[in-house]
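My notes follow in the order I made them.

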Amino acid sequence: MTVAVGWVGIEIAQLLLGLVGLTTDDAGLVSATRVVMEVLGIELIAIIAWTTLLTGLLLATATQWGLLKHYWIVTKLVINIILMLNGHFFLQHWLREQAEVGKAPESLSLQLVIVMSIALVLLVTATTLSIYKPWGKTRRGRRPAAKSTRP
C-alpha cells in the first residue's frame, strides 16, 4: 500500500505542475513544468505502477485475501491495469509531446490535467478500497475450501 500511496503523491505533483503550467504566462516556467511532468510521468510512474501491481499480486496470492476472492481486490486490480494501460498507450506520448518546447497546444495541457485528475480519483478510490474492504466475496471466494487429504 505504501507504493500505491507514492503513486498518489506523484499524481498530485503532476496535477499541480500541470495547473501551474496552464495558469502562468512565464514561458520558462511552463517549459520547466512540462519537463518535470515528463520525468515523473514516464520514469517514476512506470516503476511505481509495476511495483504496485507486483506487490498487490504477491500480497493477494500469499495471504488469506486471495486474488479473485473479494470484489474490492478485483476492483483494485482493474484500476491498476487501466491506469497502467492509459499510461503506456496515451499518457507517455502526451507527456513527451508536451515537453517538446512550443509543440504542445494548451488543449493538450488541459487534457493532461483532466486525465491526471481522473487518475488521482481512481488511485484514491483504490486506497480507500484497501482500507474499507467493501462488497464482500466473489463467487470464487464463497466456494467452500477444499478439504485437505493429509493423514
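I began with the largest cavity, which holds about 50 Å³ of space. For a cavity I used a 1 Å grid over the protein atoms alone and took a set of points where a 1.4 Å probe fits but cannot get out; lining residues have an atom within 4 Å of a point. Grid points are joined across faces, edges and corners, and a volume is the space filled by probe spheres set on the points. The count comes to one cavity of 30 Å³ or more.

This is a predicted model, so I note the limits: local features need pLDDT of at least 70, side-chain atom pairs count only at pLDDT 80 or more, and totals for chains, interfaces and linings use all residues. Residues are numbered from 1 along each chain as its sequence is written, and side-chain values use heavy atoms, with hydrogens and water left out.

Among the residues that line the largest cavity I listed Leu 17, Gly 18, Arg 34, Gln 98 and Val 113. H1, H2 and H4 each supply at least two residues of this lining, and the largest share, four residues, comes from H1. Helices here (H or I, at least four residues) and strands (E, at least two) are DSSP runs, numbered from the N terminus. By class the cavity lining has four nonpolar, five polar and one charged residues. I counted Ala, Val, Leu, Ile, Met, Phe, Trp, Tyr, Cys and Pro as nonpolar, Asp, Glu, Lys and Arg as charged, and the others, Gly among them, as polar.

Next, the pockets. A pocket is an open set of points with protein on both sides within 12 Å along at least five of seven lines. The largest pocket has a volume of about 580 Å³. It is lined by 27 residues, and the closest to its centre are Thr 52, Gly 56, Leu 59, Lys 76 and Ser 130. Helix H1 (2-23), helix H2 (27-62), H3 and helix H4 (106-132) each give at least two residues to the lining of the largest pocket. H2 has the largest share of that lining, seven residues. I sorted the lining of the largest pocket into 17 nonpolar, eight polar and two charged residues.

The second largest pocket holds about 290 Å³ of space. Of its 19 lining residues, Ala 49, Leu 83, Met 84, Gly 87 and His 88 are the closest to its centre. H3 gives the most to the lining of the second largest pocket, nine residues. That lining divides into 13 nonpolar, five polar and one charged.

Which residues touch the most other members of the largest nonpolar core? I found Trp 7, Leu 83, Leu 91, Trp 94, Leu 95, Leu 112 and Met 116, out of 27 residues in that core. The largest share of this core, nine residues, comes from H4. A nonpolar core is a set of buried Ala, Val, Leu, Ile, Met, Phe, Trp, Tyr and Cys residues joined through side-chain atoms within 4.5 Å. Buried means under 20% relative accessible area, exposed over 50%, partly exposed in between (1.4 Å probe, protein chains only).

Then the rings. I found two aromatic pairs. Trp 65 and Trp 72 are edge-to-face, 5.5 Å centre to centre with 80° between the planes. Phe 90 and Trp 94 are tilted, at 5.8 Å centre to centre and 35° between the planes. Rings of Phe, Tyr and Trp (its six-membered ring) pair if their centres lie within 6.5 Å; planes under 30 degrees apart count as stacked, over 60 as edge-to-face and the rest as tilted. Phe 90 and Trp 94 both lie in helix H3 (residues 71-99), four residues apart, about one turn of the helix. Trp 94 is buried because its relative accessibility is 16%, whereas Phe 90 is partly exposed at 44%. Trp 72 is buried at 7% relative accessible area.

I also checked Lys 133: its charged end sits over the ring of Trp 72, 5.1 Å from the ring centre. The rule is NZ of Lys or CZ of Arg within 6 Å of the ring centre and within 35 degrees of the ring normal. Lys 133 is in the loop between H4 and helix H5 (139-142). Lys 133 has a positive phi of about 50° although it is not a glycine.
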